[in-house]
Amino acid sequence: MMCGGVSATKPATAETQRIADQVKAQLEEKENRKFPVFKTMEFKSQVVAGTNYFIKVHVGEEEFIHIRVFESLPHENKPLVLSSYQTKKTKNDELAYF
């Protein structure tokens, strides 16, 4: 994958679930609601000065949210940041750059 390009969509892994779990509280605060279900389904990544992760998350019933999480370079030792998110997504909505 070239620097700056977004990867192909891949099935979620334990690592993407860990990343999503670390920003769940940020999302719940922004949306002013709790998510009893928070299961990652698939993801894309983009290498920049760190890594952007675009993750499709199942949050219950037929509801999905797409989140963008920024992971800084390891030597910067910064926490993961919820950069952006999109609500009202469905299982079939394609993960796209946002």
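Glutamate 61 is exposed, with a relative accessible area of 75%; exposed means over 50%, buried under 20%, and partly exposed in between, with a 1.4 Å probe and protein chains only. The structure is a predicted model, in which local features need pLDDT of at least 70 and side-chain atom pairs count only at pLDDT 80 or more, while totals for chains, interfaces and linings use all residues. Residues are numbered from 1 along each chain as its sequence is written, and side-chain values use heavy atoms, with hydrogens and water left out.

**Overall fold**

The protein chain has one helix and five strands, and from the N terminus the order of these elements is β-α-β-β-β-β. The radius of gyration is 13 Å, close to the 13 Å that the globule rule gives for 98 residues, so the protein chain is as compact as a globular protein of that length. Helices (H or I, at least four residues) and strands (E, at least two) are DSSP runs, numbered from the N terminus. The radius of gyration is taken over C-alpha atoms, and the globule rule is 2.2 Å times the number of residues to the power 0.38.

The C-alpha trace spans about 35 × 25 × 25 Å along its principal axes. Of the 98 residues in the protein chain, 39% are buried. Contacts (heavy atoms within 4.5 Å) between residues at least 6 apart in sequence join residues at least 24 apart in 48% of cases.

**The sheet**

The five strands form an open sheet in the order S1-S2-S3-S4-S5, with antiparallel pairing. Strand S1 (10–11) and strand S5 (81–89) are at the edges with a single partner strand each, so one side of each is left without a neighbour in the sheet. Two strands pair if DSSP finds at least two bridges between them. S1 and strand S2 (residues 39–48) pair in the antiparallel sense over two bridges. Within this region, lysine 10 stands opposite phenylalanine 43 in S2.

Glutamate 42 also belongs to strand S2. Leaving aside neighbours within four places in sequence, glutamate 42 is in contact with Thr9, Lys10, Pro11, Ala12, Phe54, Ile55, Lys56 and Leu95.

**The helix**

Helix H1 (residues 14–31) contains glutamate 28. Apart from neighbours within four places in sequence, glutamate 28 is in contact with Arg33, Lys34 and Phe35.

**Accessibility of selected residues**

| Residue | Relative accessible area | Class |
|---|---|---|
| Glutamate 28 | 11% | buried |
| Glutamate 42 | 21% | partly exposed |
| Glutamate 61 | 75% | exposed |
| Lysine 88 | 74% | exposed |

**Backbone angles**

Most residues other than glycine have a negative phi, and most peptide bonds are trans. Glutamate 61 has a positive phi near 50° and lies in the loop between strand S3 (50–60) and strand S4 (63–71). Lysine 88 has a positive phi near 60°, and its place is in strand S5.

**Surface and charge**

The protein chain exposes about 5800 Å², of which carbon and sulfur atoms supply 52%. Accessible areas come from the Shrake-Rupley method with a 1.4 Å probe; for residues, only the protein chains shown count as cover. The mean positions of the 14 positive and 13 negative charges are 2 Å apart. Lys and Arg count as positive and Asp and Glu as negative, with His and the chain ends not counted. Each charge is placed at NZ of Lys, CZ of Arg, CG of Asp or CD of Glu.
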